[in-house]
Amino acid sequence: MRALLFVLAFAVVPGCTCSGVNRGDVNLVSLDDEWALGDELAAEVEAQTDPLPDAAAQAYLDRLGGALAAQTELADREWTFTVLDDAAVNAFALPGGHVYVNAGTIAAAETQDELASVVAHEVAHGAARHGTERMVKAYGLSLVAGLVLGDDPGVVRQIVAELVGQSALARFSRSDEEEADGLGLEYLAAAGYDPGGMAAMFETLTALRQRAPGPLERWFATHPLEEDRIEAARQAAEGVEASGPPATDPKAFDGIRQRVRAEVPAAVTS
Ligand SMILES: [Zn+2]
């Protein structure tokens with residue numbers, strides 16, 4: 001398994017301009033299989049993590065995430081959004097429409113537009129099907145097909161452990177990251193959130209990291225924030241208007257963030 005993960009972390013697909021439904025690439029895993037695999041991985045995430053016991057924060061994320069997923073080409077599929085009881089700033093997407101956001105990410109965001117930008121980025125990974133693309137490239141189609149059939153619970157456990165603890169599998173390629181930023185920005189604006197929230201969140205995280213790096217290490221391991229990425233997000237947002245009011249209330253966000261900060265006191269806050 002270690003060897004497989006090593007391959008995964010350093011897999012390079014020569015000349016791949018990929019990917020996902022959004023770039024017209026052929027994903028060898030059917031959507032039905034991807035959603036079945038996602039449910040299996042999600043069950044394992046539930047075994048390895050704790051949800052934040054805060055119904056209001058969970059309901060808020062459901063509304064925000066649902067509004068973003070509704071902008072994707074896979075809006076007719078089932079999506080789930082879960083706040084995890086973890087003070088570290090982190091978020092990840094499983095194949096099959098499952099998105100997880102650590103409480104620490106809610107605590108760190110200055111505005112709901114900033115939080116929405118993180119969720120939009122993860123929704124974009126899901127909609128572009130980056131997870132199954134990477135898994136097929138790394139493991140081969142037959143192993144992934146076996147996972148869909150539940151043949152290899154040990155591998156499922158390992159994949160989820162890597163995702164939850166960050167690391168190899170969560171680290172998408174640079175082109176996947178760029179695609180997720182670009183699509184995420186479109187979803188943000190279409191759902192009524194300020195597309196400028198993405199560059200703002202990058203700046204918030206960069207500032208927080210300078211003050212207290214610990215809880216942000218996972219984030220920066222999987223989402224390197226070079227200045228050019230921040231600048232790209234800034235430029236992409238220029239001239240893009242949020243369409244209509246967002247599905248969630250900025251005041252509700254402020255209240256939820258205040259409570260989440262108390263619930264996960266180890267979170268870095270600004
Ligand atoms: Zn990403």
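Tutor: Gladly! Let us begin with Tyr 60, which is buried, with a relative accessible area of 1%. Keep in mind that this is a predicted model.

Student: What makes Tyr 60 count as buried?

Tutor: The cut-off for buried is under 20% relative accessible area. Tyr 60 has 1%, so the label buried applies.

Student: Why is the aromatic pair of Tyr 60 and Phe 253 called tilted?

Tutor: Their ring centres are 6.1 Å apart, and a pair needs centres within 6.5 Å.

Student: Where in the chain are Trp 35 and Trp 79?

Tutor: Trp 35 is in helix α2 (residues 31-48), while Trp 79 is in the loop between α3 (55-69) and β1 (80-84). The two are 44 residues apart, and both are buried. Together with Phe 81 they form one aromatic cluster.

Student: What makes Arg 77 count as lying over the face of Trp 35?

Tutor: Arg 77 is at 5.6 Å from the ring centre of Trp 35. The distance cut-off is within 6 Å, and the charge must also be within 35 degrees of the ring normal. Arg 77 does lie over the face of that ring.

Student: Which residues touch the most other members of the largest nonpolar core?

Tutor: Of its 57 residues, Leu 68, Trp 79, Leu 115, Val 119, Leu 205, Trp 219 and Val 260 do. Helix α5 (residues 112-127) gives the most to this core, with eight residues. Leaving out residues up to four places away in sequence, Leu 205 touches Val 89, Ala 108, Leu 216, Trp 219, Phe 220 and Leu 225.

Student: What makes strands β2 and β3 a pair?

Tutor: Pairing needs at least two bridges. Four bridges join β2 to strand β3 (residues 98-102), and the two run antiparallel. One example is Leu 94, whose bridge partner in β3 is His 98. The strands form a hairpin with three residues between them, and Gly 96 in the turn has a positive phi of about 75°.

Student: Which way do the side chains of β2 point?

Tutor: In strand β2 (residues 91-94), Ala 91 and Ala 93 point one way, Phe 92 and Leu 94 the other way, and all are buried. In a regular strand the side chains alternate between the two faces of the sheet.

Student: Finally, how do you know whether Glu 177 is buried or exposed?

Tutor: Its relative accessible area is 7%, so Glu 177 is buried, with under 20% as the cut-off. Glu 177 is in helix α9 (residues 174-190), and among the residues it touches are His 121, His 125 and Arg 229.

Note on methods: Residues are numbered from 1 along each chain as its sequence is written. This is a predicted model: local features need pLDDT of at least 70, side-chain atom pairs count only at pLDDT 80 or more; totals for chains, interfaces and linings use all residues. Side-chain values use heavy atoms; hydrogens and water are left out. Buried means under 20% relative accessible area, exposed over 50%, partly exposed in between (1.4 Å probe, protein chains only). Rings of Phe, Tyr and Trp (its six-membered ring) pair if their centres lie within 6.5 Å; planes under 30 degrees apart count as stacked, over 60 as edge-to-face and the rest as tilted. A nonpolar core is a set of buried Ala, Val, Leu, Ile, Met, Phe, Trp, Tyr and Cys residues joined through side-chain atoms within 4.5 Å. Contact means heavy atoms within 4.5 Å.
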